[in-house]
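The sequence and the structure are shown below.

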Amino acid sequence: MDRLGIGFLNAFGLPPVEFVELTADLGCRLMSTVVHGRPLLALGYPRYSLTDAPLRNEIRAALYHRGVQISLGDGFLVLPGTETGSWAGDLDALAELGVPRINVVSLDPDLGRTFDQFGALAELAGQRRIETLVEPVPGLTVGDLASALAAREHVARPDFRLLIDAMHIARSGSDAADLAAIDPQLIGYAQLNDTTARPRLGNYLEEAMFERMVPGEGELPLRRMLSALPRDVVIEIEVPRRSLALAGVSPIERLRPCVAAARRLLSEAQLG
């Protein structure tokens with residue numbers, strides 16, 4: 001099974017039909033997306049919304065033509081005052097495109113309200129047969145494995161699981177042994193990238209959003225981390241490199257080394 005995917009964050013707002021083409025041209029069959037595209041202004045891409053029916057039709061045709069599937073709908077963010085019901089239209093758009101799961105994080109400092117909103121979102125998504133994943137991100141309300149597992153316990157739904165991002169897990173203080181200790185049924189998706197042990201930029205989220213490293217070129221124990229994950233989860237490449245994008249390096253040229261490195265790592269870990 002080829003389980004490599006291409007993450008939307010890599011392309012800084014490349015229009016979704018072009019992103020389908022990019023994914024296929026890289027030899028991958030899975031990709032993530034966001035409902036509302038907010039491109040990096042310097043690249044000149046237009047904004048888009050998957051709530052636009054004609055655009056969904058174009059995307060669906062491109063997916064069929066190139067043999068690509070959307071493996072994740074990303075970009076769901078709980079903020080103070082967020083009412084989860086406002087996402088019904090976004091979820092409808094993803095369901096129409098056959099998206100099987102979404103990812104949620106929180107910037108609401110109220111942990112109890114965050115957990116309740118996660119539960120409400122999971123209920124809303126579940127009504128559309130969409131699974132919900134929570135991604136622990138250092139600096140956000142759910143910032144590590146322990147708080148993500150607490151959220152999972154609070155929501156108490158089999159379709160509410162964890163998304164494991166290599167950089168976030170390592171920088172939050174966990175390692176491969178911590179991943180291996182988690183019930184494999186609780187892990188629903190993974191994102192592969194690399195970084196240094198110590199921060200390279202002053203702001204963690206700036207580094208995470210814009211400047212990650214090709215797998216194998218940093219200091220993370222990626223083979224051990226991959227070996228600790230369930231063998232059936234999607235491994236999405238998430239290596240945004242804004243400096244190269246702004247220097248005029250095309251998305252496919254930025255991502256080719258990442259795909260080759262990911263395939264090499266999976267092969268070396270005998271994970272296929």
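Where is Phe-12 found? Phe-12 is found in the loop between β1 and α1.

## Basis of the report

The structure is a predicted model, in which local features need pLDDT of at least 70 and side-chain atom pairs count only at pLDDT 80 or more, while totals for chains, interfaces and linings use all residues. Residues are numbered from 1 along each chain as its sequence is written, and side-chain values use heavy atoms, with hydrogens and water left out.

## Overall fold

The chain contains 11 helices and 10 strands; these are DSSP runs numbered from the N terminus (helices H or I, at least four residues; strands E, at least two). The C-alpha trace spans about 45 × 45 × 40 Å along its principal axes.

Contact means heavy atoms within 4.5 Å. Of the contacts between residues at least 6 apart in sequence, 78% join residues at least 24 apart.

## Burial and surface

Of the 272 residues, 57% are buried, where buried means under 20% relative accessible area, exposed over 50%, and partly exposed in between (1.4 Å probe, protein chains only). The accessible surface amounts to about 11,600 Å², with 52% belonging to carbon and sulfur atoms; the areas come from the Shrake-Rupley method with a 1.4 Å probe.

## Aromatic pairs

There are four aromatic pairs in the structure. Rings of Phe, Tyr and Trp (its six-membered ring) pair if their centres lie within 6.5 Å; planes under 30 degrees apart count as stacked, over 60 as edge-to-face and the rest as tilted. The ring centres of Phe-12 and Phe-210 are 6.2 Å apart with planes at 20 degrees, so this pair is stacked. Because Phe-210 belongs to helix α8 (residues 204–210) and Phe-12 to the loop between β1 (4–6) and α1 (16–25), the pair ties together parts 198 residues apart in sequence.

Phe-76 and Trp-87 form an edge-to-face pair, 5.4 Å centre to centre with 80 degrees between the planes, and both residues are buried. One aromatic cluster is formed by Phe-115, Phe-118 and Phe-160.

Most residues other than glycine have a negative phi. Arg-129 is placed in the loop between α4 (111–126) and β7 (131–134).
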